[in-house]
Amino acid sequence: MGTVERRLGGPDDPSGLVGYVVNVSADPAHRRRGHSRACVTALLAWFRHRGVRRVDLRASAAGRPLYCALGFRETADPAMRLTLPAEVD
């Protein structure tokens with residue numbers, strides 16, 4: 001699954017469109033058969049068709065080899081997260 005976000009554009013990409021690979025999962029019994037590669041390749045084509053030039057994701061150790069083979073590279077930008085407590089009415 002993937003999403004497209006519009007962020008502030010910059011000199012290298014004025015559109016500001018950023019794709020994000022949200023989730024890729026394969027049942028353990030069906031891994032290593034090319035299903036995830038086919039899905040991610042189709043998702044990358046979908047992003048390209050929409051003018052997205054940058055795609056981000058957070059890879060698991062198991063998924064990292066696939067993403068590297070597809071051209072993804074590690075960045076110096078580690079993910080950070082804040083979990084806010086639910087509002088109480």
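**View 1. Cysteines of the predicted model.** The count of disulfides is zero, a disulfide being a pair of cysteine sulfur atoms within 2.5 Å. Cys 39 is in no disulfide, and the nearest cysteine sulfur, that of Cys 68, is 19 Å away. That distance is too far for a bond. Cys 39 is exposed at 54% relative accessibility, whereas Cys 68 is partly exposed at 35%. Buried means under 20% relative accessible area, exposed over 50%, and partly exposed in between (1.4 Å probe, protein chains only). This is a predicted model, in which local features need pLDDT of at least 70 and side-chain atom pairs count only at pLDDT 80 or more, while totals for chains, interfaces and linings use all residues. Residues are numbered from 1 along each chain as its sequence is written, and side-chain values use heavy atoms, with hydrogens and water left out.

View 2. H1 runs over residues 35-49, 15 residues in total. Helices (H or I, at least four residues) and strands (E, at least two) are DSSP runs, numbered from the N terminus. From first C-alpha to last, H1 reaches 21 Å, close to the 21 Å expected at 1.5 Å a residue; the expected span is 1.5 Å times one less than the number of residues. Ser 36, Val 40, Leu 43, Leu 44 and Phe 47 are the buried residues of H1. They cover an arc of only 100 degrees around the axis, so they sit on the same side of H1. The arc is taken from the directions from the helix axis to the C-beta atoms. Arg 48 and His 49 are exposed on the other side of H1. Just after H1, Gly 51 has a positive phi of about 85 degrees.

**View 3. What covers H1, and the largest nonpolar core.** The cover over the buried residues of H1 includes strands S1 (2-6), S2 (17-21) and S3 (54-56), and helix H2 (64-69). The largest nonpolar core has 11 residues, among them Leu 17, Val 21, Val 52, Leu 57 and Leu 66. Such a core is a set of buried Ala, Val, Leu, Ile, Met, Phe, Trp, Tyr and Cys residues joined through side-chain atoms within 4.5 Å. S2, H1 and H2 each supply at least two residues of this core. H1 gives the largest share, four residues. Leu 66 is in contact (heavy atoms within 4.5 Å) with Ser 36 and Arg 37, leaving aside neighbours within four places in sequence.

**View 4. An aromatic pair.** Two aromatic pairs occur in the structure. In one, the ring centres of Tyr 67 and Phe 72 lie 5.7 Å apart with planes at 75 degrees, so the pair is edge-to-face. Rings of Phe, Tyr and Trp (its six-membered ring) pair if their centres lie within 6.5 Å; planes under 30 degrees apart count as stacked, over 60 as edge-to-face and the rest as tilted. Tyr 67 is buried at 9% relative accessible area. Phe 72 is buried too, at 15%. Both residues belong to the largest nonpolar core.

**View 5. Arg 32 in its loop.** Arg 32 is found in the loop between S2 and H1. Its phi is near 65 degrees, a positive value in a residue other than glycine. Most residues other than glycine have a negative phi. Arg 32 is exposed, at 85% relative accessibility.

**View 6. Glu 5 on strand S1.** Glu 5 lies in S1 and is partly exposed, at 34% relative accessibility. Glu 5 touches Gly 16, Leu 17 and Val 18, not counting residues up to four places away in sequence. The C-alpha atoms of Glu 5 and Arg 31 are separated by 30 Å, with the two residues 26 apart along the chain.
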